[in-house]
Amino acid sequence: MNEKINLRDLQLSELEVLIKSLGQPAFRAKQVFQWIYKGVTDFEQMANVPKALREQLAEVSQIGRLNILEIQKSKSDGTRKYLFELADGCTIESVFMKYKYGNSICVSSQAGCRMGCRFCASTRNGLMRHLSPGEILSQLMEAEADTGEKIGHIVVMGTGEPFDNYENLAAFLRIVNHKDGLHIGMRNITVSTCGLVPVIERFAEDFPQVNLAISLHGTTDAIRGAMMPVNQKYPLGILLKTCRAYTEKTGRRITFEYTLVNGVNDSDGDADRLCTLLRGMLCHVNLIPLNKVEESGFDTVSRERAAEFQQILEKRGIPATVRRELGADIDAACGQLRLRKR
């Protein structure tokens, strides 16, 4: 028996192909597409779609949803952390966050991760599999259904390395941006990578309006390489040359994520080297006191130390902020909820 097609995986052009294969006119695809992204999950609710087509779609396809296993709700700031179960039993996490500018969600792009960053809980059990476009965007749609609130900003920074799942990521971005899809502006989306250089170059071509965040976390190859295996293949010199080319091509600022680890990368010397590395680049540094993962052996820094590090950068002309603590009363680090559930 053939597995049913998840319609949330399909871009409008792909849905048109499916609709025509069922002997129906292509314009029906737009109607179905619009219903899907209004949140409809039952073909019978698609009022302007002929009954014959609704029945055909029900036979060959589904509007795939995610099963919510657990929701952690912050009592202080409205943050919600979701543990979702996929159809094959894999689990992923997403975090719904409230800001002054509106609601945002951090979504996962893979079940697990194979990048092996030592301080990260998400990579502990390796990569299970890539997520489909529909599985990525369903995290947002399930959160909207649960909260009853619209989400206008997306960060692809949850479990997984987005650029290791590029084709599905690209399809997801096109669907959520489409005027008949979720219609979220490209400039309201941020994608984070640990530094897969060839894909950064491709991303600049394909999605010049989407915000790019780079996980840096070290100011020498020795420091960064000890925490992030990707640095062996794409060392700092190559990565930062690519980043400069990206900003010149797109005119877009890069956010450098810098996790502060006590006694590893948080010294005044580290701050000085970071300034030297980034001098003259269109960028911003997001300082993140480490979300401690016991198995890593790493420890976090105080908010006071993070503020001191920030001041050194800003005095040298490098814009920097210390990440706001959201959901401090729930599992903060990506992957912690999944690990606890195992």
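Biologist: How many residues does the hairpin between S5 and S6 go through?
Modeller: Two residues; the hairpin joins S5 to S6 through them. This is a predicted model, where local features need pLDDT of at least 70, side-chain atom pairs count only at pLDDT 80 or more, and totals for chains, interfaces and linings use all residues. Residues are numbered from 1 along each chain as its sequence is written, and side-chain values use heavy atoms, with hydrogens and water left out.

Biologist: What counts as a strand for you, and as a pair of them?
Modeller: Strands (E, at least two residues) and helices (H or I, at least four) are DSSP runs numbered from the N terminus. Two strands pair if DSSP finds at least two bridges between them.

Biologist: And how many bridges join S5 to S6?
Modeller: Five, with the strands running antiparallel. Phe 96 has Ile 105 in S6 as its bridge partner.

Biologist: Is S6 largely enclosed or open?
Modeller: Largely enclosed by the rest of the structure, because four of the five residues of S6 (residues 102–106) are buried. Buried means under 20% relative accessible area, exposed over 50%, and partly exposed in between, using a 1.4 Å probe and protein chains only.

Biologist: Where does Gly 102 sit?
Modeller: In strand S6. Gly 102 is partly exposed, at 22% relative accessible area.

Biologist: Back up the chain a bit. How do S3 and S4 pair?
Modeller: S3 (residues 67–73) and S4 (residues 80–85) are antiparallel, over six bridges.

Biologist: What does S4 do with S5?
Modeller: S4 pairs with S5 (residues 91–99) in the antiparallel sense, over six bridges. Lys 81 stands opposite Val 95 in S5. S4 and S5 form a hairpin with five residues between them, and Gly 89 in the turn has a positive phi of about 95°.

Biologist: Which residues other than glycine have a positive phi?
Modeller: His 183 is one of them, with phi near 55°. Another is His 217, at about 65°.

Biologist: Where are those two, and are they buried or exposed?
Modeller: His 183 is in the loop between H5 (166–177) and S10 (189–193), and is exposed at 54% relative accessible area. His 217 lies in the loop between S11 (211–215) and H7 (221–227), and counts as buried at 4% relative accessibility.

Biologist: Switching to aromatics. How many pairs turn up?
Modeller: Seven aromatic pairs in a search of the whole structure. Tyr 99 and Tyr 101 make a stacked pair, because their ring centres are 5.0 Å apart and their planes are at 5°. The rule takes rings of Phe, Tyr and Trp (its six-membered ring) with centres within 6.5 Å; planes under 30 degrees apart count as stacked, over 60 as edge-to-face and the rest as tilted.

Biologist: How exposed are those two tyrosines?
Modeller: Tyr 99 is partly exposed, with a relative accessible area of 27%. Tyr 101 is exposed, at 53%.

Biologist: Which residues form an aromatic cluster?
Modeller: Phe 163, Tyr 166, Phe 203 and Phe 207 form one.

Biologist: And what sits over the ring of Trp 35?
Modeller: The charged end of Lys 38, 4.7 Å from the ring centre. That call needs NZ of Lys or CZ of Arg within 6 Å of the ring centre and within 35 degrees of the ring normal.
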